[in-house]
Amino acid sequence: MFNHYSLFSAIAAAVPDRECVVFRDRRLTYADVLDRAHRLAEFLLSQGVTLHKERDALERWKSGQDHVALYLHNGNEYIEATFGANAARAVPFNVNYWYVEDELTYLLDDADAAVVVYHATFAPKLAAVVDRLRRRPLLIQVDDGSGNPLLPGAYDYEAVLAAGSGAAPDTEPSPDDLYIIYTGGTTGMPKGTLWTQAELFAGAIAPALEAYVADMTSMQCLVDTMTALPATPLLPMPPLMHGSAQWVAFLGLFSGATIVIQGVVDRFDAADVLTTLARERVVVTNIVGDAFARPLCDELERGSYDLSALTSMMSGGAVLSPGMKRRLLDLLPHVVITDAVGSSESGSLLSHVSQSGGDTSQGVFAALRDTCVVNEAIDEFLSPGHDGVGWLARRGPIPLGYLGDAAKTERTFPVVAGQRIVVPGDRARLRGDGLIELLGRDSVTINSGGEKVFAEEVEQALVCHPDVVDVLVVGRPSERWGQEVVAVVALRPESTATDADLVATAAARLARYKLPKAVVRVDTVRRGPAGKADYGWAREVAVQASEAIAR
C-alpha cells in the first residue's frame, strides 16, 4: 500500500490549512507539522541518519535503516519526529518512559539507536545510561519546562528546526520502509516488531477506513475521499509510546482529522482529559480497558462535561469489563463503544461493538478479516465449532519478524498450510456461529492440578462483584496443585466484602477448579501507564503473601 510519510504529505498538500495537532496552546496545521518534520529530516540526513540497505536485500529480522528512539511524552513533537524520521528514511521507535536505567539500556542497545529524541525531563536518566551503550546515539532534547539543561553534545530540538529550510528532503521513501513498535515487555524482554509501512497500514489502519473508501489501491482516491469530509477531532488518550495510541493517531492523520492531545501527559488525569474532550468537541477517542474507564466514570459522576460531540470510543490493550462498559454507556448513552483485540505483532484481530441498551458481554468477539484460529500444534487452521482450545492467529498483512532475532521470528510467524501467519500467544475457541471466544494470554495461563486456568477469565468473573475496583489473577507454587490460583484484588475503601463473597461471585460464572484458592488484598493494582497488567508484580505480591503466612 503506502509509505506513511508520503501519505501524510499528500494529505497535507490537500488540506494544508486544516488543524493537524492541538496541544495545550499550540494549534498546528497540516502544513505546519509537515514543515517541522521536513526540518528535522534535513538535520538527520546531514548527520548521515537514513537508509543504508534496501529491504529486498535483507532477511526478515534485519533492518537496513537507522533507528530513531522517541523517548517522549505525548505532544506535537512525537508526531513531527515520527514523520521527520520517515522522511529521512530512518525508523522511529517507541521508548517506554517508565523504564528504569537497566531496561532503558537494554532497549536502546537492542534497537541500536542512532538517535534519541527525548523530553528534557528524561535527561538525568538518559545521562546515566548513554555512556553504557554500545553505540553512542545523537541526542536531540525537547524543552518541556522541566529546567534540565542540555546533555553534553545534545542538540536543542527547536534550534534544530529553526536551522532547517522546511523543504522536502531529496529521498525516495518506499512502502517497504520499516515501522518498528517495541512490545511492552509484560511477557518477557521487549521485542522490536518489524512491519513494513505498507503492511502496518493494511493490517492496522485500512480496516477502519474501509467504510469511507471503497478503493484504497490509489493514494489519490484515499486522499480525495478523506479530505472531502469535515475534519474530525480525535483524541488518542493513552501514551503514544504504545501501539494502540499510535494506530489511532495514524487513523486520524491519514484521514485528515485533527489530533487533540490532553494537557496533562505525565499521568492519567481524568478531569483534564474530559475537559479537553469537551473543549475541543472531540468525536473519537480511545481508552485502555477498565484502567481508563473507571476514573473517567468516577469523574463524569462528580463533574459536568459536555461530551455531546463524542460519538465513538474504542478500547484496546486491556480488558473492558461488562460492568464498566454498562457504566460508561449509562453516562454516555449516545456513544458507541468498540472493544478491540490486537497486539504489536498482529494488528487488529477482533472487535465487539456495544451501544446503550445492547449487549455488553465480554470475551466473545467478531473476527476481522484475516483473523483465524489454529490448532494446538500450530499446523492446521481450525473450522467453526472445533473441539478444544486453539491459538488466535492472523494471516494476510503481518510483520516481517522481530528485530535481530531469527529464532523468535520463526516461532511467532510460522507457516501453516503454505501461508505465513502470526501467532501472538492468545488462546481462543472458534465457535460454530463464527464468533471467537477469547480465553487469554498463554503466558499467564495457570496450570492448577493438571487443568489450564486462563487468568483473564477469572479476572472477568471477579470484577462482577460491585466492590472490586481492579484485580489481577496469577499462579503461585503449591505442593498440592503445582500452581494455585490467586487473586490480587483492590476493593472500594468502604467495602465490607469477605474473601468468600468474592469467590462466590466468581463461582456463579466459573467451574470450581478455576476459582481462586486465595485472595490477596492491595490498595492499588499496579499497571503500566497505558493500563496494561503488571503480572510480574502480581506474582511477587501473591508469593510474598504466602511466605508471610508461612512465617
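Strand 8 and strand 9 (residues 192–196) pair in the antiparallel sense over 5 bridges, where strands are DSSP runs of E with at least two residues, helices are runs of H or I with at least four, both numbered from the N terminus, and pairing requires at least two DSSP bridges between two strands. This is a predicted model, in which local features need pLDDT of at least 70 and side-chain atom pairs count only at pLDDT 80 or more, while totals for chains, interfaces and linings use all residues. Residues are numbered from 1 along each chain as its sequence is written, and side-chain values use heavy atoms, with hydrogens and water left out.

The two strands belong to an open, antiparallel sheet of 3 strands in the order 8-9-19, whose edges are strand 8 (178–182) and strand 19 (401–402), each pairing on one side only. Within this sheet, Y179 has W195 of strand 9 as its bridge partner.

Elsewhere in the chain, D470 lies in strand 26 (residues 468–478). D470 counts as buried because its relative accessibility is 13%, the cut-offs being under 20% for buried, over 50% for exposed and partly exposed in between, with a 1.4 Å probe and protein chains only. Leaving aside residues up to four places away in sequence, D470 touches R294, V488, V489, A490, V525 and R527, a contact being heavy atoms within 4.5 Å.

Taken as a whole, the protein chain holds 16 helices and 28 strands, and 58% of its 551 residues count as buried. Along its principal axes, the C-alpha trace spans about 70 × 55 × 50 Å.
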